[in-house]
Amino acid sequence: MSAENLAIGIDIGGTKIAGGIVDGNGQILRRSFRPTPGQNAALTEDAIAAVVNELSDGNQQLPVGIGAAGWINRSGSHVLFSPHLAWRDEPVLERLEAKMNRKITLNNDADAAGWAEHRFGAARGEELSVCLTLGTGIGGAIIFDNRILRGSFGVAGEFGHQTLVVEGHRCPCGNRGCWEQYASGNALGREAAELVRLNSPRAHNLREACSADPALVTGAMVTSLAANGDLACMELIEEMGHWLGLGISNLAAVLDPGVVVIGGGLGSAYTSLIATAEATYRKLLPGRGYRPDARIVRAQLGADAGLIGAADLARHDR
């Protein structure tokens, strides 16, 4: 395999470190995975190094880009804070470069995913696009004029932590009522677990799926049951879609994007989720009827977007 125009991309999530060798067209040629030791920074960095070493086969010339689930400072040297990982103002770049004896590019994982959709996916050709990744929380990226808009301190695009409900559900970021507490996989699982806990007659299928244990309910369980026609789970996804559309209308009021790309791990729920989100967005958009609407589209690169974007950013440093 020729190393020309290849790069290694690493996507670090709360549960899994995914790596791959990516070519200049955004195609993944080889993959490697490790579980994320999320509560131990040193072990997380060891796992990242193991994935890079496995993929590089000793080739120190391959650029390496990392997309991390956390708030990265403007220079890309420190992870300032990660709600779901152990990093707290950590000099992650310096430590990883020393550990692997090679240059590395460090970006926020949602920025990396947004960049991938801009370069190779659903946002190609747009001057200003917003990318949302729905998973454990809500990640976000703003791409403007062929660059990632990072903000003054590097933490622009943390849309999941805009407050939508005063004194609402607690969030790992330290605040209450954050958007991701109402429109994410975790939020979906929490609301479904509450139905089981209350012994709702509408939650018969949910109770059966989780053996009547609310702690076993997950967002993936809800989306699977909804795909099979369970009315309670379908309603939960519709409710989540309303919250999603509300947040998108706020983003449109501030940023006026041409397209909002929605990615993440909600699988079979996407069709109904996006339909509800789009209807709510159009209903709540300021100046509706007198201004163009942003397109709301599904991400094209799926779970690979962060990995592909991280690798491409290692080549282009945007």
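This is a predicted model: local features need pLDDT of at least 70, side-chain atom pairs count only at pLDDT 80 or more; totals for chains, interfaces and linings use all residues.
Visitor: Good to know! Where is D23 found?

Guide: D23 is in the loop that runs between strand 2 (16-22) and strand 3 (28-35).

Visitor: And which side chain of opposite charge is nearest to D23?

Guide: That is R315, 6.1 Å away. D23 is buried, yet it has no salt bridge.

Visitor: OK, what lies 2.9 Å from a polar atom of the D23 side chain?

Guide: The backbone nitrogen of N25 does.

Visitor: Switching topic: is A156 buried or partly exposed?

Guide: A156 counts as partly exposed, because its relative accessibility is 24%. You'll find A156 in the loop between strand 11 (147-148) and helix 4 (185-197).

Visitor: What does A156 touch there?

Guide: Not counting residues up to four places away in sequence, A156 touches L149, R150 and G151.

Visitor: How far apart are A156 and I72?

Guide: In sequence they are separated by 84 residues, while their C-alpha atoms are 9.7 Å apart in space.

Visitor: Now pockets. What volume does the largest pocket have?

Guide: The largest pocket has a volume of about 1,100 Å³.

Visitor: How many residues line it, and which lie nearest its centre?

Guide: The lining of the largest pocket has 46 residues, and G13, D109, L134, G135 and T136 lie nearest its centre.

Visitor: Where does the largest share of that lining come from?

Guide: Helix 3 (residues 109-120) gives the largest share, with four residues.

Note on methods
Residues are numbered from 1 along each chain as its sequence is written. Side-chain values use heavy atoms; hydrogens and water are left out. Helices (H or I, at least four residues) and strands (E, at least two) are DSSP runs, numbered from the N terminus. Buried means under 20% relative accessible area, exposed over 50%, partly exposed in between (1.4 Å probe, protein chains only). Lys and Arg count as positive and Asp and Glu as negative; His and the chain ends are not counted. A salt bridge is a side-chain nitrogen of Lys or Arg within 4 Å of a carboxyl oxygen of Asp or Glu. A polar contact is a pair of N or O atoms within 3.5 Å; within protein, one must be able to donate a hydrogen and the other to accept it, and residues adjacent in sequence count only if both atoms are side-chain atoms. Contact means heavy atoms within 4.5 Å. On a 1 Å grid over the protein atoms alone, a cavity is a set of points where a 1.4 Å probe fits but cannot get out, and a pocket is an open set with protein on both sides within 12 Å along at least five of seven lines; lining residues have an atom within 4 Å of a point. Grid points are joined across faces, edges and corners, and a volume is the space filled by probe spheres set on the points.
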